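Colleague: I would like to learn how to read a few features of a model from its coordinates. Could we go through one together?

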Amino acid sequence: MIYDEGYHFSDKKAIVGDMVQSLLSKHPLVRATDRPVLIAYGIANRTSEHISTAGISDDIRQALVQSGRVRMVNETQRQNIEAETSYQYGGNVAVETRIAKARQVGARYMLTGTLRSIRKKQEPQFRLTKRTLQYYSLNMELTDIQTGLIEWADSTEVIREASKPFIGW
């Protein structure tokens, strides 16, 4: 798809949908008989723009959880979980109601990604406008934490176009 130049909020919805559909429909998740546990370590922004890749990660994590096919470790809340556990074992909570220690579930897979952009200017020719294409590519990988093997990888692209007049007033 080609849109106006610059990353836009609607791009996020399209790339999140593409990545989640791909991940859930391919090995190893398509054949999983249990609900494997994943941890999302975020998406690196390798563009020249300030794009909140945390928002992309959050939406992917939310869609995966809502699918009911996987479970996700809440990596962003680990410090708060540890603080609450320490509080419960600090003598302020009744023994029969505090949580058991060392019962968290470990992740089997790690989900990571990279967002890149490439700007391509149109070849010089006789025109009244200058055309520039901006390509955005989201590449993601699912790595088996025990083996270190990449079990799934995919990418999706969005193309944005800008046309600027050579002469303006």
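**Core, helix and loop**

Modeller: This is a predicted model. Start with contacts: Leu38 touches Leu23, Leu29, Leu64, Val70, Arg71, Met72, Val73, Ala107, Tyr109 and Leu142, leaving aside residues up to four places away in sequence.

Colleague: Which residues touch the most other members of the largest nonpolar core?

Modeller: As a general idea, nonpolar side chains in soluble globular proteins tend to be buried together. Here the largest nonpolar core has 25 residues, and Leu38, Ile60 and Leu64 touch the most other members. Two or more residues each come from α1 (9–25), β2 (37–46), α2, β4 (109–121), β5 and β6. The largest share, six residues, is that of α1.

Colleague: Which residues of α2 are buried?

Modeller: Buried means under 20% relative accessible area. In α2 these are Thr53, Gly55, Ile56, Ser57, Ile60, Arg61 and Leu64. Of these, Ile60 and Leu64 were named above for their core contacts.

Colleague: Where is Gln146 placed, and is Gln146 buried or exposed?

Modeller: Gln146 sits in the loop between β5 (129–144) and β6 (150–165). With a relative accessible area of 77%, over the 50% cut-off, Gln146 is exposed.

Definitions and conventions. Residues numbered from 1 in each chain as written. Predicted model: local features only at pLDDT ≥ 70, side-chain atom pairs only at ≥ 80, totals over all residues. Heavy atoms only, no water. Helix = DSSP H or I, 4+ residues; strand = E, 2+ residues; numbered from the N terminus. Buried < 20%, exposed > 50% of the residue type's maximum accessible area, 1.4 Å probe, protein only. Core = buried A, V, L, I, M, F, W, Y, C linked by side-chain atoms within 4.5 Å. Contact = heavy atoms within 4.5 Å.
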